[in-house]
Amino acid sequence: MSEESTVQAQLADEQLDRLETLLDDPALSEAMRLDEIQGYLCAALSGPQAIPEDDWLADVLGSEEALESEAGREAAELLRAFAVALEAELVAGEPPVLLLYPKNDDEDSPSDYLPWCQAYLAGVDAAEEDWFEALGEEDAEDDEEIRDEITYLDERLFPLMVLTGEAESAAREHGEEWPEDEELDQVNNECEEDLPQAVTDIYRFWLAKRGNQTIRRDEPKVGRNDPCPCGSGKKFKQCCGVN
């Protein structure tokens, strides 16, 4: 077992139970579950830029007000340690052991991947800059390198799209066939097996992109005192940029 895996294991043994207990505190009624937190963080730590800690803490615990509570402050400390351990695994290229709950209370119930994957995609959506726009999606037709990067990212996101049902919905919307019965079970099983490595690959892909500083921004970032791009007439910091 590597040092990073040891850190994660120690965190699980000594602190995850306490974190689960805190997440059930009435002051954190809007907080994510532990499986959702891991999925969300895998995405929040990835992307063109990682989501700032204060932002993901508020998202995970449900609100900034939740962070002010006694339970919220203790949970935040545990979450910071959890994020550090999780990122250490991702940096090392080690697929994380997914924290999953069973689909039902049955002892032999299979693991439920849906909440984990939905939380990951929520983390993708919460990024300041759209992942594909950051790659220069609009220029993909004329740039083979961009097309290759988009294809790579699409392929790594595929297990998440399958396990949330989004891939099936898109296929049926476009009149395409979708696997059924045993074939579908096989596809789902393969995606479940591929998921930990896929999210690790995605993290390392973006880490390399940040290092190469090749992420593109077609439009300048909106300043906090600039007019909000939503058209409300308010300053960005008083509208969509409210922390």
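**Exercise 1.** In which helix is the place of Tyr203? Determine also whether Tyr203 is buried or exposed, and identify its contacts beyond its sequence neighbours.

*Solution.* The structure is a predicted model. Begin with the location: Tyr203 belongs to helix H10, which covers residues 181–212. Next, consider accessibility. The relative accessible area of Tyr203 is 2%; buried means under 20%, so Tyr203 is buried. Then list the contacts. With neighbours within four places in sequence left aside, Tyr203 contacts Leu45, Ser46, Glu87, Leu90 and Val91. Finally, examine a C-alpha separation: Ala44 lies 159 residues from Tyr203 along the chain, and their C-alpha atoms are 9.5 Å apart.

**Exercise 2.** Describe how helix H6 packs with helix H8.

*Solution.* First, take the geometry. H6 (residues 114–125) and H8 (residues 144–163) pack at about 125 degrees, and their axes are 9 Å apart. H6 is therefore oblique to H8. The crossing of H6 past H8 is left-handed. Second, name the residues that meet: H6 contributes Leu114, Trp116, Cys117, Tyr120 and Leu121, while H8 contributes Leu157, Leu160, Met161 and Leu163. Third, classify them: nine residues of this contact are nonpolar, none is polar and none is charged.

**Exercise 3.** Locate Ser69 and decide whether Ser69 is buried or exposed.

*Solution.* Ser69 is found in the loop between helix H4 (64–68) and helix H5 (70–91). Its relative accessibility is 16%. Because the limit for buried is under 20%, Ser69 counts as buried. Not counting residues up to four places away in sequence, Ser69 touches Ala27 and Leu28.

Methods. Residues are numbered from 1 along each chain as its sequence is written. This is a predicted model: local features need pLDDT of at least 70, side-chain atom pairs count only at pLDDT 80 or more; totals for chains, interfaces and linings use all residues. Side-chain values use heavy atoms; hydrogens and water are left out. Axes are lines fitted to C-alpha atoms, for helices over the stretch in contact, and angles run from 0 to 180 degrees between N-to-C directions. Helices (H or I, at least four residues) and strands (E, at least two) are DSSP runs, numbered from the N terminus. Angles under 35 degrees count as roughly parallel, over 145 as roughly antiparallel, 65 to 115 as roughly perpendicular and the rest as oblique. A crossing is left-handed if the near helix is turned anticlockwise from the far one by less than a right angle, and right-handed if clockwise. Contact means heavy atoms within 4.5 Å. Ala, Val, Leu, Ile, Met, Phe, Trp, Tyr, Cys and Pro count as nonpolar, Asp, Glu, Lys and Arg as charged, and the others, Gly among them, as polar. Buried means under 20% relative accessible area, exposed over 50%, partly exposed in between (1.4 Å probe, protein chains only).
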